[in-house]
Amino acid sequence: MDRIVNGIARGVFVFLYIPIVAVIVYSFNAAGTNTRFDGLTLQWYVELFQDASLMQTLRTSALVAVITATVATIIGIMFALGLARYRGRGRGALLALIALPLIVPEIVLGVALLSVFSTTKVPLGILTLVLGHLIVSLPLATLVLMSSAAMLDPSLPEAATDLGCSPWQTFTRVYFPLLRPAVVAAWLLSFTTSFSNIVMSTFLSGVGSTTLPLKIYSSLKTGLTPSINALGALLILLTLVIVLLVGVSQMRRILVESRG
Amino acid sequence: MTTQTTSAAADTTAPTTAPAVEIQGLSKEFAGHLAVHPLDLEIRENEFFSILGPSGCGKTTLMRMITGFETPSSGRVRLGGVDVTDVPTRNRDLNMLFQSYALFPHLTVFENVAFELRVRRVAKAEANRRTREALELVKLGHLGDRKPDQLSGGQRQRVALARAVVSGPKVVLLDEPLGALDQQLRKEMQYELKRMQREVGITFIYVTHDQEEALTMSDRIAVMSEGVVQQVAGPEDIYNRPETRFVAGFIGSCNLLDVQAPDGAEGEEVAVEVPGVGTVRGVLGETVPTPRAGTLLLRPERIEVRPAGEGASPGVVGVAETLTFLGEEWHLHLRVGEHLLRASVSSLVKERDLPGLAAGDRLQLSWRPQDARIVVR
């Protein structure tokens, strides 16, 4: 029995990591196609950095993701701290409202937002992308932060007040340091949600504000270039760097807490 | 406070003769229900003052109004003579020791204790010196680098106390601080708290439901029930001269007999009829203008128990129903008419005067009139 479980576990790992390994390997493939391997080259990396339009979409995606993650985290902190203390009427309804965008199909939200923006004549671009991505990442950020805030001793803010803290000092000296792992988790989660979003972006990106996932998706029609593999490899490397910077043990804690 | 807050009206120096805390007509209403009825209270300088009552009696709400966490529905709170009713908590010259201790888990013991001094921008050298002193006071000078989760419950409690006294506030409020500790540690901490209170010379307001804690540590006790302060007095007076039926029943063990109290002045010796027992003598615990329903309060240890028929003094005769040996004393349940009276007899007296006492024996009960108090509240 143990051997079977062991075997399945290994199989799952192989399945999970084969695509990642494949992307990295093919990003160095001298052949212009993924069907054979002709030796090593850095050609695709060079082409990637020379592909101005691809680099432009990368910049757009990064910018949108950073703004979205930051705004979602800030609003999430406010929600979490407010709701951690509030026990009155309407708490349940408020919680449901926050989580609702997670349940409503994204495509519905996307269409709805598009019609709102076109009626109000808001030009599509970075702003509309950020607003759209906020809708899907805010619930995630809020839930991560709320589970962490709910674990805090409710006497802590009172103790801080008693010891002379203004509300802002209570935040900077007590809440923020204690919520920091959750803040990092919420930010990273919002960032990746935004960075990899396709559905919302499809409706909300304007001319000149195409995001990276949209660009990759549309290039499927013309055929994938090996540069995409190089880009994938670089993104994997970036993720690895983040994990190492945050620290593996910290990362595990963040992920456990975010499921809290 | 010796710290350098600039904004607080509460920091204005007041004459030292003013009571540490003065409460006038303070009340709190929650959704139409009076959690604390309008009450007056004066807590003196350097006093160990306990607010004692069962859970839900309003003691926590009263304490939270003193700290400023709760806004009173009516009344004023003065701290050292200065009205602080509208002063926010952070500018009140008092600190609180929370039931959960509320230590900051991300800070070390030293940083926890130094917290207030740093927030109030006390010069670093001075802050460090005072933090070390506070840690010495609670005998934890060697654990400054630990985090709270590396400490035992008793140690955490000491850290919380050091943090509460480090800035030298006028008043420290303690919210059932011994609740989470085991029995042995509780006893130790009772004496420790009292010692530290004397050492730092700060007024302590101790909120508890544990009568033993209140009796051992306090200079004075306010007994609360259902939002009303029943009696404020020293431990001995609270125990020996309870003013209400509730106080007598809540503090220690007491026989409570329904009687018709005759009119008379406080302290007057009167004869009252106890239904099913007969006429007994007692003293009025308060002035009664006209006869009314009251309670005769009689502590078990104040009842003298002798074999029936011995001596000439007439008294109440009862039948022993149960005898319980508790080491230093015996507890007896005595059937007198429809009543079951509790009496306690020291082991010495039992051996000397009542050898061979068994259930079913008839006993003669007597007490000094002044030990049987009659109250009408």
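How many residues does the contact take from chain A, and how many from chain B? Keep that in mind as you set up the view. This is a predicted model, where local features need pLDDT of at least 70, side-chain atom pairs count only at pLDDT 80 or more, and totals for chains, interfaces and linings use all residues. Residues are numbered from 1 along each chain as its sequence is written, while chains are lettered from A and ligands numbered from 1 in the order in which they are written.

**Stop one: chain A.** Select chain A. Its C-alpha trace spans about 70 × 60 × 35 Å along the principal axes. Colour by secondary structure: there are 12 helices and zero strands. Helices here are DSSP runs of H or I, at least four residues, and strands are runs of E, at least two, numbered from the N terminus. Of the 260 residues of chain A, 33% count as buried, meaning that 20 or more other C-beta atoms, placed from the backbone, lie within 10 Å of a residue's own.

**Stop two: the contact.** Now show both chains. The contact takes 15 residues from chain A and 16 residues from chain B. Two residues are in contact if their C-beta atoms, placed from the backbone, lie within 7 Å. On the chain A side, select α7 (155-162) and α8 (167-195), the elements that give two or more residues. The largest share, six residues, comes from α7(A).

**Stop three: chain B.** Select 9-238 for domain 1 of chain B, then 301-369 for domain 2. These bounds come from an automatic or database domain assignment. The centres of the two domains, taken over C-alpha atoms, are separated by 43 Å.

Terms used. Buried ≥ 20, exposed ≤ 12 C-beta atoms within 10 Å, placed from the backbone.
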